[in-house]
Amino acid sequence: MNLTLHLTNRCNLACTYCFVPFGNLRMTADTAKAAVDFAVSKGSPTGLLFYGGEPMLEREVIHQTVAYAEQIRKETGHQFSYKMTTNGTLLDEEFLKFAKSVNLTIGFSHDGPAQDDCRFFTDGSPSSGVLADKIPLLLQYQPFAIGMSVLDSTVVHKATAMVKFLRRSGFRYITINLNYGARWTQNDFEILKQEYEKMAKLYYNWMLKEEKVYLSPFDQKILSHIKGENYNIDRRRMSQNQPSIAPDGTIFTGSRYVDDPAFSIGDVWSGIDDKKLKFFTQKGETPLDACKKCAIQNRCNYAYDTLARNGEEFAIDIKPVMCAHEKLLTPIVDKLAEDLYRQDSALFMHKHYNEMYPFLSALEEGLY
């Protein structure tokens, strides 16, 4: 089982698009250890994702939780893996040495040239200057760290520049996610289309030059074509195996529901209420009628498990911007993949059609 531990809803940044309600909630080390015990009871292996707010504000809890898990590993052989998503402002060499010692993988949030438009300190001051030295320090210890950006409608024209910034900085794993809560206009989507087409050219050249770069919007959509109906089946299984733990120990079906008690399915001391879990699982597997008629239903990232509630009623709620995004992105990626297939790109074929690629790639990088 994989758990997302919401260590706190405190943060030293005030990102314009953050969905976490700002506050002073903090997870105690005892609650985190109870979450570990709960996960271990479900069988091996166990993945722990440290999340916030800004999880580095609770670095002592991270240290204690990992130490507790490592003791369990030594005593029982139970396997653990660790991840953390951070804004990077509090990273230092001491923590990175610790992370390396326990194989804690770091996801680093940075919006490149849009950083100071959307991601600033709570006093309004810019954050990009503070992060300038953090990126090379992070990549020195974790060459495969993930560079993570959120694309807001106000900075959509900077989308490709954001990707270029992360790549130029040395990131090889890059994720781009839209802020679906923003107000997107038709003009914004026209700009987004142009930006995705620019990104497609970047991806095309990376493949031909045999540069190993992962770009989430493109690699996910290519995977959705290859897996077909299994794509969303696998995504649903993954999401159902990654419950979120609130600072007080309450278990929720996902990160975006942590502030809504209606989505709670138990707690780390009593475990999961199977009836509640089954209820939400069934709701998440029931697509909207409009989705059933859509040609890309099985490739859509939002056709399943995007739950919302209206009073006592729960149902999948796909925002129009989500639907528009999937219909915009899919043909761009399909054309890119067709072009690379026709070019017989060795890296493209190896990456997407060789099941041994992750292992062989890691072997080439000296990770084994």
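Q: Where does T306 lie in this predicted model?
A: T306 lies in the loop between α12 (289–292) and β12 (307–310). The model is predicted.

Q: Is T306 buried or exposed, and why?
A: Burial is read from relative accessible area, with a cut-off of under 20%. T306 counts as buried because its relative accessibility is 15%.

Q: Which backbone atom does the side chain of T306 reach?
A: The side chain of T306 reaches the backbone oxygen of Y302, at 3.1 Å.

Q: Which residues is T306 in contact with, leaving aside neighbours within four places in sequence?
A: The list is Y257, A315, I316, D317 and M322. Keep Y257 in mind: Y257 also belongs to an aromatic cluster.

Q: Which residues form that aromatic cluster?
A: Y257, F263, F279, F280 and F314 form one cluster.

Q: How many aromatic pairs are there by the ring-centre rule?
A: The count comes to 17 aromatic pairs. Take Y203 and F218 as one case. Their ring centres are 6.0 Å apart and their planes are at 25 degrees, so this pair is stacked. Y203 sits in helix α8 (residues 186–208) and F218 in helix α9 (residues 216–227). The two are 15 residues apart, and the pair links distant parts of the chain. Both Y203 and F218 are buried.

Q: What are the centre-to-centre distance and plane angle for F280 and F314?
A: The values are 5.3 Å centre to centre and 85 degrees between the planes. This pair is edge-to-face. F280 belongs to helix α11 (residues 274–284), F314 to strand β13 (residues 313–316). They are 34 residues apart, so read the pair as a link between distant parts of the chain.

Q: Why do F280 and F314 count as buried?
A: Relative accessibility decides. F280 counts as buried because its value is 6%. F314 counts as buried because its value is 11%.

Q: Which ring does the charged end of R256 sit over?
A: The charged end of R256 sits over the ring of F19, 4.1 Å from its centre.

Q: What is the strand order of the open sheet?
A: Strands of a sheet pair through backbone hydrogen bonds, either parallel or antiparallel. Here the open sheet has 11 strands, in the order β7-β6-β5-β4-β3-β2-β1-β8-β9-β10-β11. The pairing is mixed. The edge strands are β7 (214–215) and β11 (271–272), each pairing on one side only.

Q: In which sense do β3 and β4 pair?
A: Strand β3 (residues 80–86) and strand β4 (residues 104–109) pair in the parallel sense, over five bridges.

Q: Which strands does helix α1 lie across?
A: Helix α1 (residues 29–41) lies across β1 (2–6), β2 (46–51), β3, β9 (250–252) and β11. The helix runs at about 165 degrees to β1.

Q: Which residues does Y204 touch, not counting those up to four places away in sequence?
A: Y204 is found in helix α8. Y204 touches L336, D339, L340 and Q343. Y204 counts as partly exposed, at 22% relative accessibility.

Q: How far apart in space are L208 and Q343?
A: C-alpha to C-alpha, L208 and Q343 are 8.6 Å apart, though 135 residues apart in sequence. L208 is also found in helix α8. Not counting residues up to four places away, L208 touches L340, Q343 and S345. At 41% relative accessibility, L208 counts as partly exposed.

How values were computed:
Residues are numbered from 1 along each chain as its sequence is written. This is a predicted model: local features need pLDDT of at least 70, side-chain atom pairs count only at pLDDT 80 or more; totals for chains, interfaces and linings use all residues. Side-chain values use heavy atoms; hydrogens and water are left out. Two strands pair if DSSP finds at least two bridges between them. Helices (H or I, at least four residues) and strands (E, at least two) are DSSP runs, numbered from the N terminus. Contact means heavy atoms within 4.5 Å. Axes are lines fitted to C-alpha atoms, for helices over the stretch in contact, and angles run from 0 to 180 degrees between N-to-C directions. Rings of Phe, Tyr and Trp (its six-membered ring) pair if their centres lie within 6.5 Å; planes under 30 degrees apart count as stacked, over 60 as edge-to-face and the rest as tilted. Buried means under 20% relative accessible area, exposed over 50%, partly exposed in between (1.4 Å probe, protein chains only). A charge sits over a ring if NZ of Lys or CZ of Arg is within 6 Å of the ring centre and within 35 degrees of the ring normal. A polar contact is a pair of N or O atoms within 3.5 Å; within protein, one must be able to donate a hydrogen and the other to accept it, and residues adjacent in sequence count only if both atoms are side-chain atoms.
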